[in-house]
Amino acid sequence: MAATGAGEGKKAAAGSSLHSKTLLKSEQLYQYILDSTVFPREPDCLRELRIATTTHPMAGMAASPDQVQLFGLLINMLGAKNAIEVGVFTGYSLLATALALPDDGKVVAIDVSRESYDKIGSPVVEKAGMAHKIDFRVGFALPVLDQLVAEDGTSGKFDFAFVDADKANFHHYHERLLRLVRVGGLIAYDNTLWGGSVAAPDDETLSERDRELAQIAREFNAALSGDRRVQVCQLAISDGIMLCCRVA
Amino acid sequence: MATTAADATATVPKEQTTTNGAASGAEQVTRHSEVGHKSLLQSDALYQYILETTVYPREHECMKQLREDTANHPWNLMTTSADEGQFLNLLIKLIGAKKTMEIGVYTGYSLLATALAIPEDGTILAMDINRENYETIGKPCIEKAGVAHKIDFREGPALPVLDALLDDEANHGSFDFVFVDADKDNYLNYHQRLMKLVRVGGLIGYDNTLWNGSVVLPDDAPMRKYIRYYRDFVLVLNKELAADDRVEICQLPVGDGITLCRRAK
């Protein structure tokens, strides 16, 4: 997730469901999926980066292991070669994406800061032999995306995009990504269920921040659901992933 | 067997119940609380939110009709859920699948989802031991949707059909996508054959692999008879699939748990 200064890591209000690591009905069920299907298949470098990320004070911002496994599969299914990642943090999902891309594949990685990546992710990415696939662009995502749109040959060039950044700008990123990602390509948005609070009753105790972000998520979900340029699917993994396949 | 937003007091198939008729009032209350979670998610409210905001507004009208007609059927617990139908449709589009297969049809909700997703000249080889639910409930909706011509329905057990396909080498590696939603004690037998029938890069989806969440219950936890019976098969299946290095794998909590296996070699 892109650092926004204030940070959008999920600091849960006391007593809210946002304390849970999962949107599933029990943490045991989530752990079962991880233990039976995710961790046995996790490449060593990805495990190393996942564990190293836990040392970071904002570790909650990172993608989840089951989520990055899904992305790897989707990238292979798409035969993707070019990807975009908005929001890098330490680079866990970035590394997973790079591993799935072919040797001549590239991922444009955007984050307002490369500090966490340089400190934690980059050494692991280098060791994994994936550094040549990464085109890191430092800056706020919107101007970087606009610049990317303006570059020659980028229209419909990308097969896959993952957005894990400042939620208030998701709809702006969406407009740019619909020009950069090809028809038939996939855009994935993170945190679209915001700890499940999108469905919270009005009287549930939520922090001001969570209430605000739940509302943003609801609005974004509604907008995507009504957007006929994409075919959508909401998955209750990680913090809610909305998959959008560009159809027009 | 995916649970749906259908009436939770629906009975389970006769051969899987210990009683032989309508449940008493007290028993119905117990069943209702037992299937209180209509999904694998943290709350029914969250599941409903997903259905109402993302699934139902995009659901093809014929799928909606089929879903509603199926909800009135006594065995409606067996149906594919609406969110899973949407997910399958997306997957098929993503991989551009054309030649597909479905093992386990029931009334045909996932079959219709597949038929709507594949191109005009796409095909589905569909198998179920019972043709009746498909004929009476699903087929009218599928015909109305204009996609019935894509479906080749075979009534009877699936294994002989798969073995017959394998006898002809031309069928090896010919399928793009297979969805398996059938008898859990045969999944591994299907898998053995499907790994030869699906092309490299092709996708198999196995349904109900989280088995109502029972995969994490202690052995002595109270469970419905059919859940307990098939649970061991599901646990073994999950282990075997995870260890199968011929596939790239991912297990998702969509519906009752779906495990995607992409043939890698």
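## Contacts along chain A

Take the contacts in chain A between residues with a separation of 6 or more: 71% of them join residues 24 or more positions apart. Keep in mind that this is a predicted model.

## Overall build of chain A

Of the 248 residues in chain A, 59% are buried. The accessible surface is about 9400 Å², and carbon and sulfur atoms account for 52% of that. As for charges, chain A has 25 positive and 32 negative ones, and their mean positions sit 4 Å apart.

## Nonpolar cores

The largest nonpolar core has 109 residues. Among those with the most contacts inside it are Ile134(A), Leu235(A), Phe87(B) and Leu252(B). Another core lies apart from it, with 27 residues, including Ile103(B) and Met195(B).

## A look at Glu42(A)

Is Glu42(A) buried or exposed? Its relative accessible area is 8%, under the 20% cut-off, so Glu42(A) counts as buried. You'll find Glu42(A) in the loop between helix H1 (27-38) and helix H2 (44-53) of chain A.

Not counting residues up to four places away in sequence, Glu42(A) touches Arg47(A), Arg50(A) and Tyr92(A). Glu42(A) and Gln69(A) are 27 residues apart in sequence, with their C-alpha atoms 7.9 Å apart in space.

Notes: Residues are numbered from 1 along each chain as its sequence is written. Chains are lettered from A and ligands numbered from 1 in the order in which they are written. This is a predicted model: local features need pLDDT of at least 70, side-chain atom pairs count only at pLDDT 80 or more; totals for chains, interfaces and linings use all residues. Side-chain values use heavy atoms; hydrogens and water are left out. A nonpolar core is a set of buried Ala, Val, Leu, Ile, Met, Phe, Trp, Tyr and Cys residues joined through side-chain atoms within 4.5 Å. Buried means under 20% relative accessible area, exposed over 50%, partly exposed in between (1.4 Å probe, protein chains only). Helices (H or I, at least four residues) and strands (E, at least two) are DSSP runs, numbered from the N terminus. Contact means heavy atoms within 4.5 Å. Accessible areas come from the Shrake-Rupley method with a 1.4 Å probe; for residues, only the protein chains shown count as cover. Lys and Arg count as positive and Asp and Glu as negative; His and the chain ends are not counted. The place of a charge is taken as NZ of Lys, CZ of Arg, CG of Asp or CD of Glu.
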